[in-house]
Amino acid sequence: MELVYAICVGFMSTCGIFLMLRGHTFTLVIGLTLLSYAVNLFLFASGGLTIGAPAVLSSSENHADPLPQALVLTAIVIGFAMTAFAVILAMRGRADLGSDHVDGIEPFDPLAEDKS
Amino acid sequence: MHYFWVPFLPMLGIIVPLFANKLNRSACTLATALLPALALCFIFLDLPAVLAGESFSKSIEWIPQLGLALSFRLDGLAALFSILILGIGLLVILYARYYLSEKDHMGRFYCYLIMFMAAMLGIVMSNNMLQLWFYWELTSISSFLLIGFWSHNSDARKGARMALTITGAGGLALLAGIILLGQVVGSYELDVVLNSGELVKQSPYYIAILSLFLIGAFTKSAQFPFHFWLPHAMAAPTPVSAYLHSATMVKAGIFLLARFYPVLAGTETWFVVVSLTGLFTMLLGAYTALFKHDLKGLLAYSTISHLGLIVLLLGLNTELAAIAAIFHIMNHAVFKASLFMAAGIIDHESGSRDMRKINGLWKYMPITATLAMVASASMAGVPLLNGFLSKEMFFAETLEQSILGSMSWLIPVLATIAAAFSVAYSLRFIHDVFFNGEPKGLTKTPHEPPRYMRVPVEILVTICLLVGIFPNYTIGPLLQSTSLAVLNHTLPEYSLAIWHGLNLPLLMSGVAIMGGVAIYLNRKHLFKFAGMFPDIDAKLVFEDCIQACVTWAQKITMILENGSLQRYAFCLCFFALLLIAPPLFELDTTRGSLPGTPLNAAVLVAAILIIAGSLATIIWSHYRLIALLMLSLVGLVVSITFAYFSAPDLALTQLSVEIVTVILLLLALYFFPQQTPTSKSRPSHFVRDLTVASFIGCIIGSICFALMTHPLDSISAFFLANAKTGGGGTNVVNVILVDFRGFDTFGEITVLGIAALGIHKLIARMRLSVRTKDYAGRLWAKDKYPVLLSVVSQSLLPLFLLISAYIFMRGHNLPGGGFIAGLITSIALIQQYLAHGVDWMAKRVSVSYHYMIAIGLTIAGLTGLGSWIFDRPFLTSWFEYVSLPWIGKFELASALVFDIGVYFTVIGATLLILASLGKLTTTERLTVGER
């Protein structure tokens with residue numbers, strides 16, 4: 001199971017980073033979100049994988065590691081704030097620069113059809 | 001202990017001229033001279049003790065860990081230089097009063113001059129090497145300002161820039177040398193360093209330290225091959241040349257060599273490098289000086305030559321040579337300052353410095369002529385003048401040399417040749433300027449300068465004579481204490497007599513004088529010979545080099561920094577990869593010793609969904625809506641994963657965040673093009689990015705696997721054991737958030753609030769046009785607020801709020817808490833926005849979300865502060881079980897109040913983000929509709 005989990009995390013990171021390296025801001029934000037999923041799963045896994053034993057006392061004998069869970073919980077919320085900031089910044093960039101390319105201009109030909 | 005104030009007085013004096021500038025010129029001069037004069041008095045007060053062989057030092061610690069301290073010392077060497085700096089400085093101040101014209105800003109000039117004086121004093125009196133370096137750089141900067149004082153003049157600007165570049169670069173080398181030396185010795189204090197000579201010379205870094213120090217000293221003291229800046233610095237006003245290029249700035253390098261003589265000198269490398277550099281510079285300067293038609297050019301090259309002489313002396317391996325060097329430092333400062341001043345008078349009163357024009361000035365300014373002639377004679381080394389004495393000592397020392405082995409006889413011979421040239425150019429200075437016919441083509445008739453302009457020259461020339469005739473009474477004691485400071489141990493025997501009997505040095509002096517006369521008489525042939533060589537303008541060469549450097553730097557910058565964020569993002573990932581990969585190679589196997597959990601069908605299905613979802617996000621990334629849907633699929637599976645692996649809190653959070661994120665991205669997509677242009681991505685970039693992303697993915701996956709399979713000793717047991725007893729809750733995750741790590745959570749909700757406010761500001765006044773159709777040309781739905789959605793969402797609202805209250809209340813003991821409850825409430829409200837629109841909501845929800853963030857943070861903060869009332873650290877929690885009739889036993893905890901703060905901040909932040917964005921869609925839609 002650990003192997004499958006690790007493969008999933010690795011694959012999501014690959015997809016996330018690949019999308020983040022694309023030139024358009026919206027794709028970048030999607031990549032960022034995907035990468036933050038992967039990172040959350042990665043951090044979560046540092047406490048090991050436990051089934052059926054939540055970190056609620058008196059529910060069972062064993063407990064999952066609560067510390068990574070607490071870290072990831074705030075990470076999820078902060079991750080949302082970051083994604084939101086990135087996407088709004090991208091919108092502002094498009095509003096002010098007239099392009100949704102990360103460099104501010106399209107590398108080859110100017111945005112023809114999208115400018116209305 | 002007056003000396004400690006000496007460096008501070010001129011520091012203070014920097015501002016005096018700026019205020020005194022409003023007074024008349026003489027008053028301004030007087031005010032400026034006051035503090036340096038006081039400093040000089042302080043030196044004289046301490047002088048008797050110094051002459052008796054004492055040396056003082058005092059330091060005030062600043063950052064002892066870094067070896068930084070405010071530390072000054074006064075020994076013979078520092079005293080000698082201080083007297084030169086302050087004494088000649090005062091004369092220059094007086095001289096400049098008459099030299100500067102009405103148009104020149106006198107206050108500014110004096111300000112720079114005093115700044116320079118303060119910096120020089122700092123160098124010579126510093127007892128800490130880093131502090132010395134600081135002053136060293138300050139001299140570079142203030143000399144830049146002084147040389148470029150006439151900034152309207154292009155030559156002045158270029159000369160200043162050149163001087164700054166060369167001396168500044170040398171300063172950096174010196175800093176490196178100082179740090180290395182400090183590391184070797186273990187201290188930056190000179191007291192310690194000067195007594196660690198043997199340690200340094202045996203260190204493997206000795207050569208490096210020596211080279212760096214020599215670069216610093218040679219650039220400052222204009223030694224070959226760094227000598228070329230000095231002649232160009234002659235574009236400065238003459239008082240500056242008289243000060244900087246005779247007594248101070250160029251002597252700073254020599255001072256450095258003398259100061260570190262006990263530490264660095266005494267090895268074969270030192271003798272060879274220092275003496276040969278000095279010898280060559282001396283010859284080059286003396287030869288070139290003869291052919292300069294500019295009066296100050298001649299003096300500049302003569303300065304280079306004399307500096308070479310002093311450096312040569314410091315490089316000779318006898319202690320007497322070092323004493324001779326110190327003696328010549330004083331003598332050269334005195335006669336060269338007076339010569340520069342005389343040149344300035346001539347320039348000032350005749351309007352030219354060109355020796356082809358100014359001839360026969362004897363008739364017009366006999367007193368100045370006499371003074372200049374005496375000073376020139378001293379420069380030439382004529383008996384009964386101070387220059388003669390040190391030159392005799394110099395000749396005597398060159399005879400004692402063995403550094404060139406059997407060819408060592410070359411040194412005295414070359415020294416005599418250089419001295420002959422020195423006599424020749426001194427003769428030219430006298431004959432060409434004051435005799436040799438009549439002035440040609442001068443714009444004004446030369447005349448004597450104002451009475452007091454000549455006073456500084458008179459004083460200096462008198463010193464030349466006094467030292468030359470009565471050396472033992474005038475300079476003897478100071479020379480002795482200075483030599484003691486330089487050599488750092490007992491002095492060898494030496495005598496300062498004018499007459500040592502008929503010996504070889506006297507013969508060399510005689511030969512040099514005769515030779516000089518002979519060279520001068522045959523100057524026509526020599527000028528013709530020198531004229532055959534192309535005249536290389538160092539300024540042009542220098543500017544070309546600088547330009548080449550700039551071009552080169554621009555090219556490199558363009559390679560590294562071409563303005564493409566996409567490229568930076570790639571570089572970031574690439575270098576992150578390079579950094580994280582190597583440690584992994586040291587791990588033997590990825591799989592650790594822990595037994596794995598068996599795989600089951602549910603996990604396999606989830607894994608397939610995640611991989612398929614991620615893959616689909618990439619494949620359809622051009623169709624942004626589809627990519628977004630695929631992304632939300634992945635997010636959903638992630639929350640299920642959390643639920644499956646015993647993290648109900650995470651699952652709930654992820655699920656609610658997922659909803660908010662997708663709504664946010666959908667709203668944003670409304671303003672973006674619906675599709676990414678496909679043809680824009682270069683295939684090579686595609687491969688490049690995919691490779692790097694894959695490698696990083698592999699590494700993250702491997703680390704993740706290794707982390708899960710290796711045994712791990714974590715601090716979690718503490719939290720599990722203390723959650724109930726210490727925090728009063730059974731949901732350990734929530735107790736960690738609001739109690740154990742409450743301060744972190746407080747920081748995190750603050751960040752959340754800041755992000756929301758930032759977004760709000762970004763959205764404000766954003767002008768974005770939206771299209772009325774989607775990418776396939778379909779119009780947007782006309783039904784803005786579907787009835788079904790309105791009705792259902794409205795009736796669901798109380799239920800939502802009830803659930804969130806329930807989730808909130810139970811959070812301390814069962815999965816839930818402020819974060820999740822806040823998100824659920826936010827979703828409920830967002831749903832109302834979606835169903836009814838911003839305007840409908842604005843009428844019903846009067847609270848501003850800014851305030852909600854503020855209230856939330858205040859509640860959380862005050863809860864934390866509350867524990868101070870009970871003398872506990874910030875955010876210490878309190879809980880108690882109470883029973884009330886009908887309700888029964890329940891828990892009251894301060895952590896719950898903190899969680900309310902979290903709850904409000906989350907609602908405020910989420911809704912501020914989404915409502916601001918939602919409002920934008922409404923207003924924008926209206927403007928488009930009107931069009």
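Colleague: How many helices and strands does chain A have?
Modeller: Chain A has 3 helices and 0 strands. Helices (H or I, at least four residues) and strands (E, at least two) are DSSP runs, numbered from the N terminus. The order of elements in chain A, from the N terminus on, is α-α-α.

Colleague: What should I know before reading on?
Modeller: This is a predicted model: local features need pLDDT of at least 70, side-chain atom pairs count only at pLDDT 80 or more, and totals for chains, interfaces and linings use all residues. Residues are numbered from 1 along each chain as its sequence is written, while chains are lettered from A and ligands numbered from 1 in the order in which they are written.

Colleague: What pLDDT does chain A average?
Modeller: Chain A averages 85, and 91% of its residues score at least 70. pLDDT is the predictor's confidence in each residue, from 0 to 100.

Colleague: Where in chain A does pLDDT stay under 50?
Modeller: Over residues 109-116 of chain A. The model has 6 contacts beyond four places in sequence for that stretch. A contact means that two residues have their C-beta atoms, placed from the backbone, within 7 Å. Where pLDDT is low, the predicted coordinates should not be read in detail.

Colleague: And what share of chain A is buried?
Modeller: Of the 116 residues in chain A, 60% are buried. Buried means 20 or more other C-beta atoms within 10 Å of a residue's own; exposed means 12 or fewer, and partly exposed is in between, with C-beta atoms placed from the backbone.

Colleague: What about chain B, how many helices and strands?
Modeller: Chain B has 39 helices and 4 strands. Of its 931 residues, 48% count as buried. Among chain B contacts with a separation of 6 or more, 78% join residues 24 or more positions apart.

Colleague: Switching to helix pairs. At what angle do α28 and α29 of chain B pack?
Modeller: At about 155°, with their axes 8 Å apart. So α28(B) is roughly antiparallel to α29(B). Axes are lines fitted to C-alpha atoms, for helices over the stretch in contact, and angles run from 0 to 180 degrees between N-to-C directions. Under 35 degrees counts as roughly parallel, over 145 as roughly antiparallel, 65 to 115 as roughly perpendicular and the rest as oblique.

Colleague: Which residues meet there?
Modeller: Among them, B:L609 and B:I610 are in α28(B), and B:L633 and B:V634 are in α29(B). By class, this contact has 11 nonpolar, 4 polar and no charged residues.

Colleague: Are α30(B) and α36(B) roughly parallel or antiparallel?
Modeller: α30(B) and α36(B) pack at about 30°, with axes 9 Å apart. That makes α30(B) roughly parallel to α36(B).

Colleague: Last one: where is B:G168?
Modeller: B:G168 lies in helix α7 (residues 154-185) of chain B. B:G168 counts as partly exposed because it has 15 C-beta neighbours inside 10 Å. B:G168 and B:E137 are 31 residues apart in sequence and 6.8 Å apart in space, C-alpha to C-alpha.

Note on methods
Nonpolar A, V, L, I, M, F, W, Y, C, P; charged D, E, K, R; others polar.
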